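Biologist: Please take a close look at one part of this model, the salt bridges and what surrounds them, and walk me through it in one connected account.

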Amino acid sequence: MDDPDCDPVRLEATLRRFHRVNRLISGWDQVYRRRLRPLLTGLHRPARVLDLGSGGGDVVTRLAHLASRDGLQVHWTGADPDPRAHAAALGAQEQNTQNQRTQEQRVEESAQVRFLCADADALLRQGESFDVVISNHVLHHLDAPGLLDFSHASRQLCTGTVLHSDIARSRLAYSLYAVGIIPLAPGTFLRTDGLRSIRRSYRREELSAALGAEWTVTSPAAFRLIAEAPGLG
């Protein structure tokens with residue numbers, strides 16, 4: 001998927017199915033209940049939240065729905081520098097709007113997300129600022145200098161709390177994913193890239209050492225890591 005010349009049909013299918021995979025393994029509903037909702041509620045005003053490297057937009061759209069259901073006023077932004085991911089996010093948003101028929105879906109319609117084709121540096125140049133910055137499955141894609149640049153830029157964009165979620169590498173995670181993803185994998189990069197991502201991801205102590213003392217790395221659930229730091233904005 002990181003290859004700009006990869007098969008566009010398989011890439012689009014992969015991005016479309018990410019919402020199922022992330023609901024199953026990424027644990028953002030739990031993160032929302034335990035960490036994000038208390039942060040948003042504690043502001044006592046409309047909040048601004050950025051999903052940095054938002055891909056097809058499924059995580060930020062899900063969080064927007066949860067917050068709207070709880071009556072929280074939040075301005076959501078999903079930003080990704082890859083135009084293919086940006087197009088997929090806009091397409092999914094349009095499809096969701098067209099398909100909204102039930103009351104639950106109308107709630108989600110009121111929780112619209114702004115999608116931008118931009119990286120952290122571009123957002124900083126534009127003067128953007130957010131109360132909370134999150135990311136999902138971005139860190140393991142970065143080399144050591146890129147990890148430090150990304151993590152620092154995310155803190156610069158944030159006036160409150162930064163939460164980066166990623167995979168915790170383990171042999172068991174690899175084995176379970178290799179089998180469990182099979183029903184969703186045909187016609188996509190989900191199995192090939194997912195297994196590669198697990199191999200490239202960090203253990204808790206590795207990520208803590210790579211990010212530095214400003215960051216706290218915890219394991220909120222099996223095979224998951226959360227790196228948290230205060231914003232610098």
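Modeller: In this predicted model, the side chains of Glu128 and Arg48 meet in a salt bridge, with 2.8 Å from N to O. The two residues come from distant parts of the chain, 80 residues apart, Glu128 sitting in the loop between H6 and S4 and Arg48 in strand S1. Glu128 counts as buried at 15% relative accessibility, because the cut-off for that class is under 20%, whereas Arg48, at 29%, counts as partly exposed.

Glu128 also forms a salt bridge with Arg114, at 3.1 Å from N to O. Since Arg114 belongs to strand S3 while Glu128 lies in the loop between H6 and S4, this pair ties together parts that are 14 residues apart in sequence. Arg114 is partly exposed, its relative accessible area being 33%. Through shared partners, the salt bridges join Arg48, Arg114 and Glu128 into one network.

S1 pairs with strand S2 (residues 74-79) in the parallel sense over 6 bridges, and Val49 has Trp76 in S2 as its bridge partner.

Leu123, Leu50, Leu52 and Leu157 are in turn among the residues that touch the most other members of the largest nonpolar core, which has 26 residues. Strand S1 (47-52), helix H6 (120-125) and strand S4 (130-136) are among the elements that each supply at least two residues of this core. A second, separate core of 22 residues includes Val31, Trp76, Val113 and Ile226.

The count of salt bridges comes to 9, and one of them joins Arg37 and Asp70, whose closest N and O atoms are 3.1 Å apart. This pair also links distant parts of the chain, 33 residues apart, with Arg37 in helix H2 and Asp70 in the loop between helix H3 (58-69) and S2. Arg37 is partly exposed at a relative accessible area of 29%, and Asp70 is partly exposed at 34%.

Terms used
Residues numbered from 1 in each chain as written. Predicted model: local features only at pLDDT ≥ 70, side-chain atom pairs only at ≥ 80, totals over all residues. Heavy atoms only, no water. Core = buried A, V, L, I, M, F, W, Y, C linked by side-chain atoms within 4.5 Å. Buried < 20%, exposed > 50% of the residue type's maximum accessible area, 1.4 Å probe, protein only. Helix = DSSP H or I, 4+ residues; strand = E, 2+ residues; numbered from the N terminus. Pairing = 2+ DSSP bridges. Salt bridge = Lys/Arg side-chain N within 4 Å of Asp/Glu carboxyl O.
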